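Open the structure in your viewer and have the selection tool ready. This tour goes stop by stop, saying what to select and what is there.

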Amino acid sequence: MFLMLKLSILVAEDNPLARTVMATHLKGHAVDFVPDFSTATEKIKEKRYNLCFIDLKLGEEDDDCSGLKLIPLAKSKRIYSIVMSGHDSEPYVEKAYELGCDDFYAKGNEETNVAEVLARFLQRREKPNGSGIISESFVTQDPETQFSIQEALKYAPAELPILILGPSGTGKTSLARLIHDHSGRSGELISINCAGYTDDLLEAELFGYKKGAFTGANDNRKGKLLMADQGTLFLDEIGTISLKMQPQLLKAIEERTFYPLGSEKPETSNFRIISATLEDIQSLVKEGRLRFDFFQRIHGFTLKLKPLAQRKDDIFPLISFFTRQGKRLAFTQEAKEEIARYDWPGNVRELKKLVDILTAGESGRVEVEAVKKLLNTLRLEEGTGHFVTEEQRRFVLREGMNSAIERFMDGVIERTLKANGGKRTQAISELKISTRLLYQSLRRQGISVRKNTKRAKHAQNQLIATP
């Protein structure tokens with residue numbers, strides 16, 4: 001975490017009580033305190049500081065903004081300067097920024113203000129450069145993706161909720177961790193994939209429960225909301241949370257207070273929200289699957305990750321990143337071209353799987369034949385794994401298996417009838433289904449059912465007679 005770094009800080013403040021307060025909130029850093037302008041000037045000239053907190057009115061009674069005179073000097077020494085003031089009127093703020101200060105806050109809430117200033121300073125210090133973001137959390141050289149991430153990192157130290165959109169496997173969880181790592185929050189990143197839980201299980205996971213709250217609750221269990229205290233709660237697949245659960249979670253997010261199952265005593269947790277979904281967020285709202293008030297609460301800043309097929313310049317930097325601490329790989333030119341041509345339906349997750357297989361092999365030199373063979377295998381696995389798409393799986397969780405089977409059946413029958421010009425008997429034969437099953441499907445689709453009994457029976461007899 002960034003706040004573990006020991007920084008060299010100068011505090012120019014003439015009020016002894018204010019200096020004591022600042023000392024408390026800057027504990028762990030190397031801090032010098034000075035009471036006046038001249039001493040501050042000497043310190044800045046003789047010593048190298050990371051940051052300088054400057055009282056707006058620094059000891060000169062006839063000058064309401066004497067501290068501002070320190071800003072140009074601090075700027076010349078590349079010191080991150082922060083003006084503190086009990087007078088945060090617009091002229092003072094404007095003048096401070098005109099002189100080149102980096103931050104300005106009104107006195108009165110030092111605990112929050114100082115923490116946010118340090119987080120912003122460290123976030124700027126770690127800001128990715130134009131050559132690409134390569135960290136323990138996220139790798140990209142795509143300019144558009146870089147810009148989106150840099151914009152998101154500007155809000156990392158704030159309380160503003162962040163919503164990450166993008167297909168499965170593009171790195172939404174990794175990006176959430178990167179944002180959390182730049183937030184300066186002292187707590188942990190706590191993740192939960194909302195798609196993997198029924199309502200009851202999701203409620204227990206989020207809010208926790210007390211012993212005896214329900215059958216099987218043999219012990220007290222802390223929920224994800226409490227585990228994320230002073231940290232970040234990452235809600236993956238936010239669109240799968242039911243309409244029943246959304247108001248409960250919304251209340252907890254807004255109030256930072258909630259009741260574990262089986263408890264009459266509320267818990268409090270200061271967590272920050274990052275959410276993600278692979279679905280179209282506007283469609284979720286329009287279709288009524290996501291409450292508008294819930295949507296408003298989770299989308300303070302929104303960014304969308306592109307699929308790997310649209311940022312192919314990231315492929316080989318990612319491969320280098322995946323192999324940085326293990327066996328390195330060398331690709332022939334033909335192998336590189338084959339990898340670049342592939343459409344990567346599983347995105348970064350699929351690329352990681354390819355690299356894992358290659359590094360487990362005997363040779364570090366990768367030929368095109370090996371790449372083709374492995375990509376064909378991955379394509380088959382991808383096809384098998386996505387015969388039921390993630391959207392379809394969520395439909396099953398939401399509506400039940402019977403509804404999903406009927407929906408699938410109706411879709412296949414509808415397409416088959418369109419393909420054969422509406423010939424029902426031919427559809428019965430091709431799909432190897434009964435007449436009754438066909439007509440049930442047509443009724444569900446609102447299509448008139450006028451039976452041609454002789455033709456239908458003939459098709460059914462043909463089906464039965466087929467070995």
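A strand here is a DSSP run of E, at least two residues long, and strands are numbered from the N terminus. Keep in mind that this is a predicted model.

**Stop 1: the sheet**

Select β9, β10, β13, β8 and β14. They form an open sheet of five strands, in the order β9-β10-β13-β8-β14, and the pairing is parallel. Look at the edges next: β9 (189-193) and β14 (301-304) each have a single partner strand, so one side of each is left without a neighbour in the sheet. On average, neighbouring strands of this sheet are turned by 15 degrees against each other, direction ignored.

**Stop 2**

Pick out I164: opposite, in β13, stands A276.

**Stop 3: a residue in β13**

Stay on strand β13 and select I274. Is I274 buried or exposed? Its relative accessibility is 0%, and buried means under 20%, so I274 counts as buried.

Show what surrounds this residue. Neighbours within four places in sequence aside, I274 is in contact with I162, I164, A176, I179, T232, L233, F234 and L235. Take A176 from that list. A176 and I274 are 98 residues apart along the chain, yet 6.7 Å separates their C-alpha atoms.

**Stop 4: helices α6 and α7**

Select residues 143-154 for helix α6 and residues 172-181 for helix α7. Their axes lie 9 Å apart, and the helices pack at an angle of about 40 degrees. α6 and α7 are therefore oblique to each other. Their crossing is right-handed.

Show the side chains between them. From α6, I149, A152 and L153 meet L175, L178 and I179 of α7. By class, this contact has six nonpolar residues, no polar ones and no charged ones.

**Stop 5: helices α13 and α15**

Move to residues 315-322, helix α13, and residues 347-360, helix α15. The two axes come within 10 Å and cross at roughly 50 degrees. That angle makes α13 oblique to α15. This crossing of α13 and α15 is right-handed.

Which residues of α13 and α15 meet? I315, L318, I319 and F322 in α13 meet V348, L351, K352 and V355 in α15. The contact of α13 with α15 divides into seven nonpolar residues, no polar and one charged.

Notes:
Residues are numbered from 1 along each chain as its sequence is written. This is a predicted model: local features need pLDDT of at least 70, side-chain atom pairs count only at pLDDT 80 or more; totals for chains, interfaces and linings use all residues. Side-chain values use heavy atoms; hydrogens and water are left out. Two strands pair if DSSP finds at least two bridges between them. Helices (H or I, at least four residues) and strands (E, at least two) are DSSP runs, numbered from the N terminus. Axes are lines fitted to C-alpha atoms, for helices over the stretch in contact, and angles run from 0 to 180 degrees between N-to-C directions. Buried means under 20% relative accessible area, exposed over 50%, partly exposed in between (1.4 Å probe, protein chains only). Contact means heavy atoms within 4.5 Å. Angles under 35 degrees count as roughly parallel, over 145 as roughly antiparallel, 65 to 115 as roughly perpendicular and the rest as oblique. A crossing is left-handed if the near helix is turned anticlockwise from the far one by less than a right angle, and right-handed if clockwise. Ala, Val, Leu, Ile, Met, Phe, Trp, Tyr, Cys and Pro count as nonpolar, Asp, Glu, Lys and Arg as charged, and the others, Gly among them, as polar.
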